[in-house]
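Please open the model in your viewer and keep the selection tool at hand.

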Amino acid sequence: LRRLADSYDGDRLVLGEVYLLSTAAVAKYFGKGDELHLAFDFTPLYAPWDATAWRTCLDRVAAELGPIGAWPTWTLSNHDNSRHRSRYGGSEARARAAAVLLLTLRGSPFLYAGEELGLEDAAVPADRVVDPGGRDPCRAPFPWDASPRHGWETEEPWLPWPPSSDTHNAESLGADPTSILHLYRRLLAVRRASPALTRGDLLPLPSPAGVLAYRRDSPGGEDGADRRAVAVNFGSSPTVLDLDGRWRCEISSDGRGENEAFTGALAGDQAVILRPA
């Protein structure tokens with residue numbers, strides 16, 4: 001497969017769905033000049049919303065992919081598993097914090113259609129089941145607008161709509177600059193513009209219980225070194241993060257404190273991207 005892909009002109013990517021729940025096992029499918037360019041590592045997809053569990057994921061990726069120079073991948077949801085907002089308890093605040101986490105890790109993030117709308121799993125009654133494997137709830141139709149048919153031509157779709165489709169649809173959230181959809185757009189824009197977030201190293205930072213913090217550093221180029229710090233509060237209670245140096249909040253998952261000096265205060269289920277002040 002790699003030889004075939006390489007035989008074509010232009011850039012080609014071979015991405016493997018290597019369904020092995022071990023980062024070390026997935027690492028064996030990467031190759032220098034052969035095998036896969038990238039491989040889905042699904043161990044984080046099964047990680048709970050817990051700072052210690054995610055710190056373990058980051059440590060394993062660094063230890064098992066770093067030595068072979070393999071580029072990590074990250075995904076929170078896909079068409080075979082419950083949507084992460086549902087797995088994480090249904091809180092939109094938590095789903096927003098998860099978006100900051102996903103789009104600031106070192107590696108390539110993959111988004112599953114609908115997570116940018118903060119969608120949850122649909123409730124599928126027994127007489128509407130399509131997939132015998134039980135994967136219907138995460139495969140509900142995508143709601144494009146707030147109309148009864150949510151932008152689809154059919155009056156009765158193949159599965160029930162996700163919860164809150166009257167408000168959590170592309171049109172409604174697109175018109176609300178404070179929505180989770182616009183949070184994803186701002187995160188992607190910041191990531192694209194930051195060498196630290198796109199290609200930089202990841203350095204874990206000391207943090208209180210329930211908080212995952214890390215720094216992303218890029219070597220200096222024509223515009224000088226680029227640096228970001230990221231903090232994710234996995235707990236529902238406020239806490240305080242002490243960081244060396246002076247930082248300014250670039251993006252906050254709940255919109256609070258943006259473009260202001262970072263005081264160290266983190267609200268429950270809040271995540272922030274910081275840049276040097």
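A residue counts as buried when its relative accessible area is under 20%. The model is a predicted one. By that cut-off Glu 250, at 16% relative accessibility, is buried.

Begin with the aromatic residues, for which a search of the whole structure finds 8 pairs. Select Phe 40 and Phe 42: the ring centres lie 5.6 Å apart and the planes meet at 20°, so this pair is stacked. Phe 40 is buried at 17% relative accessible area, and Phe 42 is buried at 4%.

Next, select Trp 54 and Trp 74, whose ring centres are 6.3 Å apart with planes at 35°, so the pair is tilted. Trp 54 belongs to helix H3 (residues 51-65) and Trp 74 to strand E3 (residues 73-75), so the contact ties together parts 20 residues apart in sequence. Both tryptophans are buried. Then turn to Trp 71, where Arg 199 lies over the ring face at 4.8 Å from the ring centre.

Proceed to the salt bridges, of which the count is 17. Select Arg 275 with Glu 250; their side chains meet at 3.2 Å, N to O. Arg 275 is in strand E11 (residues 271-276) and Glu 250 in strand E9 (residues 247-252), so the bridge joins parts 25 residues apart in sequence. Whereas Glu 250 is buried, Arg 275 is partly exposed at 37% relative accessible area.

Finally, select Asp 80, Asp 131, Arg 135 and Arg 139, which a network of salt bridges links.

Definitions and conventions
Residues numbered from 1 in each chain as written. Predicted model: local features only at pLDDT ≥ 70, side-chain atom pairs only at ≥ 80, totals over all residues. Heavy atoms only, no water. Phe/Tyr/Trp six-rings, centres within 6.5 Å; stacked < 30°, edge-to-face > 60°. Buried < 20%, exposed > 50% of the residue type's maximum accessible area, 1.4 Å probe, protein only. Helix = DSSP H or I, 4+ residues; strand = E, 2+ residues; numbered from the N terminus. Lys NZ or Arg CZ within 6 Å of the ring centre and 35° of its normal. Salt bridge = Lys/Arg side-chain N within 4 Å of Asp/Glu carboxyl O.
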